[in-house]
Each structure stands twice: as C-alpha cells, then as structure tokens.
Amino acid sequence: MRMAVDQALAANRANWDERVPSHLVAYGVDEFVTDPRRLTPVMQEDLALLAPHLPGSTPAGRSVVHLQCHLGLDTLSWARCGAAATGIDFSPAAIEAARGIGDRAGVPARFIVSDVDNAARVCGERYDIVYTGVGALCWLPDLDAWAHTIADLLRPGGVFYVRDAHPMLATVDQGRSSRELVVTQPYFGTGTPLRYEDGTTYADDRVRLSNAVTFEWPHSMSEIIQSLLDAGLTLTSLAEHRHMPWQALPDMVRTERGWALPEHRERLPLTFSLVATKPA
C-alpha cells in the first residue's frame, strides 16, 4: 500500500516539476517581480478572510509558513505584507523557481524542498501562521498526517488557515454545463486515488506534458475538519463560498470575486475557507 502511494506521489512530483516553465509565464511572474506593491489575487482574498482572526488584522511582524507553495508567489506576497515567510513544496523545480523569483523581486523569503509529512522536521521551527493555498488538499493521501504537521508547525496560540475547492464541487462532472449538475465522482475517500491523464495544466491548456499521469485523493468536509480536531486544533471559523479562482466548469463566468456559476449560485459551494488555532 505504501509503495503504491509513493509511486503516485512520484508521478505527481514529476508532473508538477514539468509544469514550472509554463506556470512562470501563466502566473505573470515578470509583472509580479517588477511591481513591488503587487500581491497575488489569491493571497489578497485569503488575507481579507483571515485578517479578522489576527491581532491587529495584519500579518506584519509575524512568521508564516506556506505549505505546498508551488512557485512561491503567494509566499512572497505574505513577505511583501511584512511577514517573515517560508514556503515549502515537494517539487525541487518549483522551489528553485521560487528562490529565483524572490531574488529578482528583492523580497526576502525562505524556500524549502519537502513533502508535507516531513515539513515540521525539515523546518525545525514553529510559526505564528500556517497557510495552505487553493488547490492543495487533493494532492495529499493522508490528512491525519497533514493535520499533525500543521499542529507541529504552529506555536501555541498560532493560527492555521486554508481555502480550497469545496469537496462537493469535486464530485460534479466537470465536462457538463452547470445547468445540469451531475455527481459522477466520489465524495468520500476510499484510500485509493483517482487517476488522471490530462497531459496539460489548468494554467495553460495549450501545454502538453510528457509526465501526464497524476493521482488525486478525495477528502470530505468531515474528514478535513476531524483531522484538525484530532490533531488538537480548535476550529474557529468555517465558510463556504460561491466563487473560486479558476474555471472549474465550462460555462462558469468571471466576476469581480472570481469564477462563479452563471445562474442559481445557491446550488453548489465552490470553495470553503477554514480557520483553526492551536491552544496556548
């Protein structure tokens, strides 16, 4: 079983390594580097949702670790807001790119190659804020290990924040119009990952990857929340949202807050956000 998980994670790592060159273009890295006031839209929204749970409503002067940081643009956005920021990702190519972006932008941040399970050991320190960006949880086979990593990384009184695709959205047939929401994928995880062979990337569908096979693990809302509670964290906020940062269904429309269903948006949550704290 462990060998099968390791093989799936190795396939995912090869896929994410290969995505880096195209994502450097699609993510607008040059614009981020040349504009010292630029923050990523994802981080701006996350900060707005997290701010009420921070003393003074600002990350300035606090230490932040960003799990599954990819190219590190969100991590560097935290640093531009005055945080001492560390980014962690399992892709050596992504971390190398993140370090280069930080150097070009003149933004101090620490970037470390590690999977989530070993992040606390590799970092060797604790943080005021643990942050996970969108599109991260489906790549993790074991949320109990994830949650215990978060607890180990947090200082007493520290805050954890995540916003991600809603588990219910992941069950919907993404090839159909949103007028007809049809459940075709599992909501509850079985331990067996879902296998995909798209050969492209969400950031640029013109890209053709040679490492085309990826694996994803479904996680229900109850699994996400219970894993954090079992790790000793205290849930302080949970919200569900009707917009998201990418076009998950073919007829979604772009709005001021991101992509949304074209009509009857009350039918389906697209993302969720969660805040939890480590007892002091």
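**Exercise 1. Which side chain makes a polar contact with the side chain of His70?** Then describe the setting of His70.

*Solution.* This is a predicted model: local features need pLDDT of at least 70, side-chain atom pairs count only at pLDDT 80 or more, and totals for chains, interfaces and linings use all residues. Residues are numbered from 1 along each chain as its sequence is written, and side-chain values use heavy atoms, with hydrogens and water left out.

Step 1. Find the partner. It is the side chain of His23, at 2.8 Å from that of His70. A polar contact is a pair of N or O atoms within 3.5 Å; within protein, one must be able to donate a hydrogen and the other to accept it, and residues adjacent in sequence count only if both atoms are side-chain atoms.

Step 2. His70 sits in the loop between β1 (63-67) and α4 (73-80). Helices (H or I, at least four residues) and strands (E, at least two) are DSSP runs, numbered from the N terminus.

Step 3. Check burial. His70 has a relative accessible area of 8%, which means that it is buried. The classes are buried under 20% relative accessible area, exposed over 50%, and partly exposed in between (1.4 Å probe, protein chains only).

Step 4. List the surroundings. Neighbours within four places in sequence are left aside; His70 is then in contact with Trp16, Val20, His23, Tyr27, Asp89, Ala94, Ala98 and Tyr202. Contact means heavy atoms within 4.5 Å.

**Exercise 2. Determine how far α4 is enclosed.**

*Solution.* Step 1. Count buried residues. They are 8 of the 8 in α4, so the rest of the structure largely encloses this helix.

Step 1. Name them. The buried residues of α4 include Asp74 and Arg80, along with Leu73, Leu76 and Trp78.

Step 2. Look just past the helix. Gly82 takes a positive phi of about 100° there.

**Exercise 3. Give the strand order of the open sheet and locate β11 in it.**

*Solution.* Step 1. Write the order. The 7 strands run β3-β2-β1-β4-β5-β11-β8, with mixed pairing. Two strands pair if DSSP finds at least two bridges between them.

Step 1. β3 (110-113) and β8 each pair on one side only. From one strand to the next, the twist averages 15°.

Step 2. Examine β11 (residues 271-277). Arg163 stands opposite Ser273 in β11. On β8 (residues 234-241), 7 bridges again join an antiparallel pair. Here Glu240 faces Phe272 of β11.

Step 3. Find a parallel pair. β4 (residues 127-132) joins β5 through 5 bridges, running parallel. Ile129 stands opposite Val159 in β5.

Step 4. Axes are lines fitted to C-alpha atoms, for helices over the stretch in contact, and angles run from 0 to 180 degrees between N-to-C directions.
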